[in-house]
Amino acid sequence: MSEHYFNALEQKIDRLLTRLQRLERENSHLREQEAKLREERAQLLQLHDQTRGKVEGMISRLKALEQQS
């Protein structure tokens, strides 16, 4: 096999390694972003539940006041 063939193969391997490194960094970034979004979602769900409880409590108190009058 010629040296030209090996040089071309080496260049392809270098490009593949560069692409692999870029994809690994991108994948890591996306995983971090996903973890942050999951955490944010959990916090929003908790806030939603707290807010719903407060609203339900206010409705109950308003109904009780309505029945007393």
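Biologist: Why is Ile 13 called partly exposed?

Modeller: This is a predicted model, and in it Ile 13 has a relative accessibility of 42%. Buried means under 20% and exposed means over 50%, so Ile 13, at 42%, counts as partly exposed.

Biologist: Where does Ile 13 lie?

Modeller: Ile 13 lies in helix H1, which covers residues 3–68.

Biologist: What makes Leu 47 partly exposed?

Modeller: Leu 47 has 48% relative accessibility. Exposed requires over 50% and buried under 20%, so Leu 47 counts as partly exposed. Leu 47 also lies in helix H1, and its C-alpha atom is 31 Å from that of Glu 26, 21 residues apart along the chain.

Biologist: How many aromatic pairs does a search of the whole structure find?

Modeller: The search finds 1 aromatic pair. The rings of Tyr 5 and Phe 6 have centres 5.7 Å apart, and the cut-off for a pair is within 6.5 Å.

Biologist: Why is the pair of Tyr 5 and Phe 6 called edge-to-face?

Modeller: The ring planes of Tyr 5 and Phe 6 stand at 70°. Planes over 60 degrees apart count as edge-to-face, so this pair is edge-to-face. Tyr 5 is partly exposed at 42% relative accessibility, and Phe 6 is partly exposed at 45%.

Biologist: What does UniProt place at residues 6–68?

Modeller: The unreviewed UniProt entry places a "coiled-coil region" there. Over residues 6–68 the model is 100% helix and 0% strand, and the end C-alpha atoms are 92 Å apart.

Technical notes. Residues numbered from 1 in each chain as written. Predicted model: local features only at pLDDT ≥ 70, side-chain atom pairs only at ≥ 80, totals over all residues. Heavy atoms only, no water. UniProt positions renumbered as here; feature names shortened; annotations may be inferred. Helix = DSSP H or I, 4+ residues; strand = E, 2+ residues; numbered from the N terminus. Buried < 20%, exposed > 50% of the residue type's maximum accessible area, 1.4 Å probe, protein only. Phe/Tyr/Trp six-rings, centres within 6.5 Å; stacked < 30°, edge-to-face > 60°.
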